[in-house]
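Please look at the sequence and the structure below. A short report on them follows.

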Amino acid sequence: MTSSTPGQRAGRFDMHPDGTASHGSRVLGSILLIAVAIFLIVALVASPPDGAGADAMGDMVRIMYVHVPVAIACYTAFMVTAFASAMYLWKRTEGWDCLAAASVEVGIVFTVLTLATGSIWGHTAWGTWWEWDPRLTSTALMFVMYLGYLALRRAVVDPQSRAKQAAVLGLISFINVPIVHYSVDWWRSLHQTATIGRLDPTIDGLKLFALLFGMVLALLLYAWLMLHRFRLQWVETQVEAKGLDTALAERRAEAVADGGVR
Amino acid sequence: MTNTTLRSVISDARLVAGKDLRLEWRSRVTLNQLLPFALLVLVLFAFALDPDRSVLKDATPGLFWLAVLFSTLLAIQRAFAVETVDGIIDALRISGLDPAGIFLGKAAGIALHLLVVEAALLVGVTVMYGASPSGLLLVVATSIAATAGLAAAGAVYGVLAAGLRVRDTLLPILWLPVVAPLLIGATQAFGSAYEKSSGAGWRWCGLLGAFAVLYTAIGFVAFEPLLEES
């Protein structure tokens with residue numbers, strides 16, 4: 001804060017020299033903080049428990065206000081990765097690579113939240129922490145698949161190679177998501193007739209509002225996390241490139257010095 | 001794709017597959033290592049599950065395909081290990097062969113190795129687990145469709161991991177979740193082949209075929225950029 005000179009003063013969307021925040025991301029973050037508080041009141045206190053019908057979820061319906069939105073956010077994140085990967089292969093600019101990488105990491109956070117909330121819901125609804133529910137199972141597989149994507153990124157040293165390989169993998173992984181989903185779905189449907197955990201289609205009023213509010217909130221949270229993660233990724237790329245340039249310059253200097261001796 | 005390019009792709013594929021099979025003929029790695037490994041897995045399953053035949057017999061479809069999956073990992077690693085030593089992969093890149101042809105050849109080589117392994121495993125489960133299939137046609141069709149899918153996906157992920165130092169540990173985590181649908185489909189199809197109800201089995205077999213076609217298409221497109229960076 002104190003070190004910013006007029007020349008490098010953070011503009012509305014410029015990055016602050018001390019971190020990944022900007023004026024825009026701070027405003028969004030503040031709005032999100034208030035919105036989350038309101039959401040918690042709506043979801044936990046104001047909205048009524050699910051009470052009608054034989055398969056009513058009671059207070060357990062409340063976890064759906066978190067579970068469904070975070071699941072949507074994780075799918076959105078991987079969709080963004082696929083789009084950014086395709087754009088990278090087309091444009092070959094590092095910004096798209098940064099976007100793809102950042103989105104996978106944020107997406108994995110949401111995937112963990114999806115699995116955790118699904119598991120918690122399952123514990124009270126089914127009595128077990130893990131049930132071979134098609135959606136939970138395919139989400140778990142997707143989780144591992146994108147962990148593999150991050151593992152690949154860590155494994156490739158050359159930035160250009162990494163970006164290209166990761167882009168191809170990001171695209172293929174996204175093609176895999178529906179294949180895995182439908183095959184697991186089909187697999188499970190042979191064993192169990194009723195799908196457990198389907199949301200009541202007649203959901204209305206404050207419950208519907210809580211769910212939609214949660215969805216908007218999860219997507220905004222994704223956007224906010226992405227702002228920071230993308231900037232961090234971008235800076236990392238710059239540092240990496242600079243480090244490479246410095247190393248190259250040093251080697252060249254050494255070569256010149258050696259030549260001078262001879 | 002025009003007719004002439006397709007023909008050159010196929011002839012390139014034949015060259016690459018022929019080279020891999022010749023290598024195998026001279027080194028006998030599949031015969032001496034892959035086959036014993038697959039049979040060893042069958043024995044280990046028996047240790048883990050109980051020597052009681054009824055358990056093994058019931059679980060035969062799943063165990064068979066798990067053994068195939070583990071063997072495929074080794075086959076993929078072997079298929080690309082022979083390309084990465086001494087910078088041979090650079091020679092492959094500048095050989096002028098169509099990347100799609102290289103992909104097809106690599107996949108075909110892996111597939112042929114796998115079919116041999118599967119034939120041995122089939123004898124293995126019949127003898128050791130006491131499970132004999134009633135729908136032999138479905139067993140053969142499932143094996144061919146699943147093998148094509150495993151090999152196609154294997155060639156794509158194999159070349160992706162080929163140039164990396166961590167390839168041996170990275171390949172399983174990348175490839176296994178991708179072929180999970182194949183494990184499901186092949187196990188289900190085998191399940192109906194072993195239990196005399198072939199109805200749903202053929203549907204699963206169709207899914208395996210669709211997967212193989214899809215991954216062959218992905219390989220045609222993705223192999224070139226991946227080969228350049230490996």
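How many residues does the contact take from chain A and from chain B? The contact takes 21 residues from chain A and 20 residues from chain B, where two residues are in contact if their C-beta atoms, placed from the backbone, lie within 7 Å. This is a predicted model, in which local features need pLDDT of at least 70, side-chain atom pairs count only at pLDDT 80 or more, and totals for chains, interfaces and linings use all residues. Residues are numbered from 1 along each chain as its sequence is written, and chains are lettered from A and ligands numbered from 1 in the order in which they are written.

On the side of chain A that touches chain B, helix 5 of chain A gives the most, with twelve residues. Helices (H or I, at least four residues) are DSSP runs, numbered from the N terminus.

In chain B, helix 6 (residues 136-162) and helix 9 (residues 199-229) pack with their axes 8 Å apart, at an angle of about 20 degrees. Axes are lines fitted to C-alpha atoms over the stretch in contact, and angles run from 0 to 180 degrees between N-to-C directions. Helix 6 of chain B and helix 9 of chain B are therefore roughly parallel (angles under 35 degrees).

Leaving aside neighbours within four places in sequence, Leu208(B) is in contact with residues including Thr142(B), Gly149(B) and Leu182(B).

Terms used. Helix = DSSP H or I, 4+ residues; strand = E, 2+ residues; numbered from the N terminus. Parallel < 35°, antiparallel > 145°, perpendicular 65-115°, else oblique.
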